[in-house]
Amino acid sequence: MGSAEQISQLTIDGLMVGALYAVIALGYTLVYGVLQLINFAHSEVFMLGAFGGLFASRALVPDGGATPSGLASAGLVLFGLGVGALAGATAAYALERCAYRPLRRRGAPRLAYLISAIGASLFAFNLAGKEFGRQSVPVPELFTNGTVVTVFGAEISTQSLVIAASALMMLLAVDHLVAGTRLGQSIRAVAQDAECAGLMGVDVQKIIVATFVLGGLLAGAGGFLYAMTFNASYTMGFVPGIKAFTAAVLGGIGNVRGAVIGGLLLGLVESFGGYLFDASYKNVIAFAVLVAVLLVRPSGLLGTRLGRPA
Amino acid sequence: MTATPRTLRPRSTRTSARRPVAAMVAGLAMVGGLLAACGGDSSDGGKKEYLIGFQGPLSGESQQLGINAYNGVLTAVELANQDSSLPFTLRIVASDDQGQPEQGPTAAQKLIDNSDLMAVVGPVFSGATKASEPLYSQAGLLSVSPSATNPTLTDLNFTSFYRVIAPDTVQGAGAAEYLAKAVRAKRVYSLDDRSEYGTGLSGAIERGLERARVPFAHDGINPTKDYTSQATKIMADGADAVYYSGYYPEFALLTKALRGKGYDGVILSGDGSNDDQFIRQAGAANAEGTLITCPCSDANSDPAAAGFVADYKKVNSGLKPGTYSGEAYDATNAIISVLREQGTEASRESVLSAFGKVDLPGVTKRIRFQRNGDVEGSTVYVYQVKDGQRTVLGPVSTLVKP
């Protein structure tokens with residue numbers, strides 16, 4: 001292992017990627033909480049959100065134009081995040097409406113949902129490949145990227161700071177929403193016992209839609225943040241989607257804070273694993289950790305219930 | 001649960017992305033078969049029609065390099081079809097391999113099964129070439145790659161393989177010389193993408209660096225999106241130059257990660273990254289100053305190739321030739337020159353046996369082959385990104401100060 005500088009650098013990189021995993025993982029966990037369903041098309045919600053934010057910022061910042069600065073940059077990042085989140089929410093809503101609701105109405109078996117999710121996912125990313133092209137597309141430079149601060153010798157760039165700050169805000173907002181608002185209370189009630197919640201006057205259908213939309217908002221904004229660093233492409237959803245799902249399981253599927261802890265942990269493991277061993281072993285190490293954790297704690301680090309008070 | 005989508009999805013991506021092309025190729029093959037059944041005459045003034053195959057990535061992440069080459073083939077074929085002295089017309093049958101070794105054999109087999117097809121331009125990528133050539137050799141179908149540069153390809157006893165680009169041993173030696181004598185690197189970080197192409201190139205560079213007594217570190221990383229920990233590793237190594245042997249989508253992300261961390265050394269790559277998509281995907285600010293070596297000259301700035309550039313733009317609705325466009329054009333013209341000699345009597349066997357004797361002034365170089373199928377002699381050029389544009393600095397030999 002290298003010096004304190006490297007340790008610090010790897011920790012920061014790991015937390016940055018981990019925060020993105022956490023943002024996506026929340027979508028998996030929330031939907032699992034209320035429906036006991038793994039929404040495998042969530043990775044495509046993430047991808048569509050990334051493209052939404054990307055096209056919006058492309059429209060405002062043309063190729064080869066000057067890099068915006070100051071307030072304009074902040075405004076553009078927020079705008080990109082907003083449009084990304086909206087695109088993600090729209091995609092998630094459409095997904096619930098077309099791929100899940102009809103099945104739920106007919107009381108379809110669990111397996112049907114899984115197939116429906118995979119089908120929706122294939123449909124969405126092949127359509128995106130057809131419409132948006134097969135090349136990777138970068139988000140235009142919305143701010144001048146440079147080193148802002150140095151922590152124990154590790155340089156933190158503007159970009160990492162923007163990503164970390166946005167992700168943190170979203171995570172706090174969701175935690176507050178689920179733990180401390182009426183909507184959150186309803187979501188938890190449905191997660192605990194949907195039938196009973198319905199009898200108590202909770203509109204279960206509405207809460208399910210709200211949960212999907214909430215997950216979509218997060219994944220869309222997360223997609224935009226991801227595309228800032230790693231560019232957007234029609235296949236971009238798959239790997240982060242699987243990683244975020246892993247993070248959700250690692251922390252305890254259905255558990256909001258568990259997803260956050262799982263995401264950050266996975267990011268750190270990958271960052272250090274990629275450095276200490278071969279970078280190509282990154283995924284091997286990440287999934288080895290998942291298996292190891294599940295062997296010891298089969299329900300994840302924090303347990304699996306969304307229903308209990310967070 | 002994770003196992004289900006992991007195996008299902010990538011496979012489905014490929015098949016669904018390939019299907020339209022597969023259908024197109026199958027359709028073309030059927031049309032070709034019908035034409036052959038009708039006596040081999042096409043509608044064009046009763047001239048005989050020959051088919052020329054093309055194999056390369058026409059979809060997928062690295063499609064730009066395949067499209068560049070395809071457009072070069074198209075230019076040569078269009079010009080030949082306008083030439084009334086030719087006793088035949090030509091048509092292209094394209095087969096998409098997405099640049100993937102595992103899709104190479106299927107793409108090759110589609111072309112082989114088409115009996116009117118006289119020769120193939122391609123495959124474009126080295127890995128796909130290695131996987132496809134056994135089939136071409138077995139079928140006795142000539143394949144001329146515009147761009148597969150892995151050195152070992154011509155040592156594998158393929159009997160129908162030629163290439164119009166110098167192998168990476170030439171590029172690697174040139175790049176190493178440039179690193180040692182022009183960049184004057186104190187330590188080089190040689191990173192490859194573990195592909196057939198990447199390992200061949202990095203190996204050649206490292207042999208050159210050894211000869212020049214420049215210390216280096218070797219590392220490999222499979223194509224990925226997240227190069228942040230790799231960038232940390234490179235910076236911890238202290239190398240003042242990084243050479244990435246791989247293709248532009250990954251090189252763009254690596255450059256982005258390195259510059260994002262404030263790496264101030266020299267960043268280089270090879271012909272697989274020699275495309276404007278690199279600048280676009282890395283961002284102009286990050287790409288600025290990056291160096292790219294290529295055993296290919298830039299047709300756009302070579303006065304001798306002005307005629308080719310004009311023809312290319314005319315055929316391809318104003319597009320400029322890209323990396324491998326000139327090579328693909330030369331490869332196609334070499335095939336056409338053999339067909340021209342043989343008139344309407346050409347067969348796969350006769351084209352293959354006559355091809356080794358081709359001697360043709362091409363736009364990229366003189367097209368003349370060694371016995372193993374390698375093109376004779378070649379110059380390595382250095383490109384640099386300046387003000388967001390790829391510009392040619394010149395051949396390594398003139399850039400190296402004695």
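Biologist: Which residue stands opposite B:Leu291 in strand 13 of chain B?

Modeller: B:Gln384 does. This is a predicted model; local features need pLDDT of at least 70, side-chain atom pairs count only at pLDDT 80 or more, and totals for chains, interfaces and linings use all residues. Residues are numbered from 1 along each chain as its sequence is written, and chains are lettered from A and ligands numbered from 1 in the order in which they are written.

Biologist: What makes strand 10 (residues 291-294) and strand 13 (residues 381-386) of chain B a pair?

Modeller: Pairing requires that DSSP finds at least two bridges between two strands. Strands 10 and 13 of chain B have 4 bridges, in the antiparallel sense. Therefore they pair.

Biologist: Why is helix 4 of chain B called roughly perpendicular to helix 6 of chain B?

Modeller: Helix 4 (residues 126-139) and helix 6 (residues 196-211) of chain B pack at about 115°, with axes 6 Å apart. Roughly perpendicular covers 65 to 115 degrees. So the term applies to this pair.

Biologist: Which residues make that contact?

Modeller: Contact means C-beta atoms, placed from the backbone, within 7 Å. Helix 4 of chain B brings B:Ser126, B:Gly127 and B:Lys130. Helix 6 of chain B brings B:Glu196, B:Tyr197 and B:Gly200.

Technical notes:
Axes fitted to C-alpha atoms, helices over the stretch in contact; angles between N-to-C directions. Helix = DSSP H or I, 4+ residues; strand = E, 2+ residues; numbered from the N terminus. Parallel < 35°, antiparallel > 145°, perpendicular 65-115°, else oblique. Contact = placed C-beta atoms within 7 Å.
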